[in-house]
Amino acid sequence: MSTLYPGCLVECIHEPVINRPGCTGPKLGSIYRVRDIRMGRIAPRHPRKLGVTLEEIRNPEAPNGLEYSFSADCFRPLDNDTGFDFRDMLEPAPRELECM
């Protein structure tokens, strides 16, 4: 069974409703990398739930000083237990050739 952890890849399976000014949300079907996991709530009277922040999306801080996060229920972990990161395969951009 796959679990969420910082650094893992996830797919957005439910696009969350974003109703906070200045906040951006994940898009359905897109792939993201988990940056942080923590407990939180969407409003004071709601139960606490597992929330995640994503490497690709930076949102403003909530009044408690932490960045707004997304419900972990909106994501499914991808099978990346091999430690493979496609970014390791990218070649650096070639520098301009020097004149002889």
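Q: Is K49 buried, partly exposed or exposed in this predicted model?
A: In this predicted model, K49 lies in strand β3.

Q: With which side chain does the side chain of K49 make a polar contact?
A: Leaving aside neighbours within four places in sequence, K49 is in contact with R38, M39, G40, S71 and D73. The C-alpha atoms of K49 and S71, which are 22 residues apart along the chain, are separated by 6.9 Å. The polar contact, at 2.7 Å, is made with the side chain of D73.

Q: Is E11 buried or exposed?
A: E11 has its place in strand β1, which covers residues 9-12. Its relative accessible area is 19%, and since buried means under 20%, E11 is classed as buried.

Q: What is the length of the polar contact that joins the side chains of E11 and R76?
A: Not counting residues up to four places away in sequence, E11 touches several residues, including C74, F75, R76 and L78. The C-alpha atoms of E11 and L78, although 67 residues apart along the chain, are separated by 6.8 Å. For the side chains of E11 and R76, the polar contact is 2.7 Å.

Q: Which elements give two or more residues to the largest nonpolar core?
A: The largest nonpolar core has 12 residues, among them V10, V34, V52, F70 and F75. V52 is in contact with V34, F70, A72 and F75, among others beyond four places in sequence. The elements that give two or more residues to this core are β1, β2 and β3.

How values were computed: Residues numbered from 1 in each chain as written. Predicted model: local features only at pLDDT ≥ 70, side-chain atom pairs only at ≥ 80, totals over all residues. Heavy atoms only, no water. Helix = DSSP H or I, 4+ residues; strand = E, 2+ residues; numbered from the N terminus. Buried < 20%, exposed > 50% of the residue type's maximum accessible area, 1.4 Å probe, protein only. Contact = heavy atoms within 4.5 Å. Polar contact = N/O pair within 3.5 Å; in protein donor to acceptor, adjacent residues only side chain to side chain. Core = buried A, V, L, I, M, F, W, Y, C linked by side-chain atoms within 4.5 Å.
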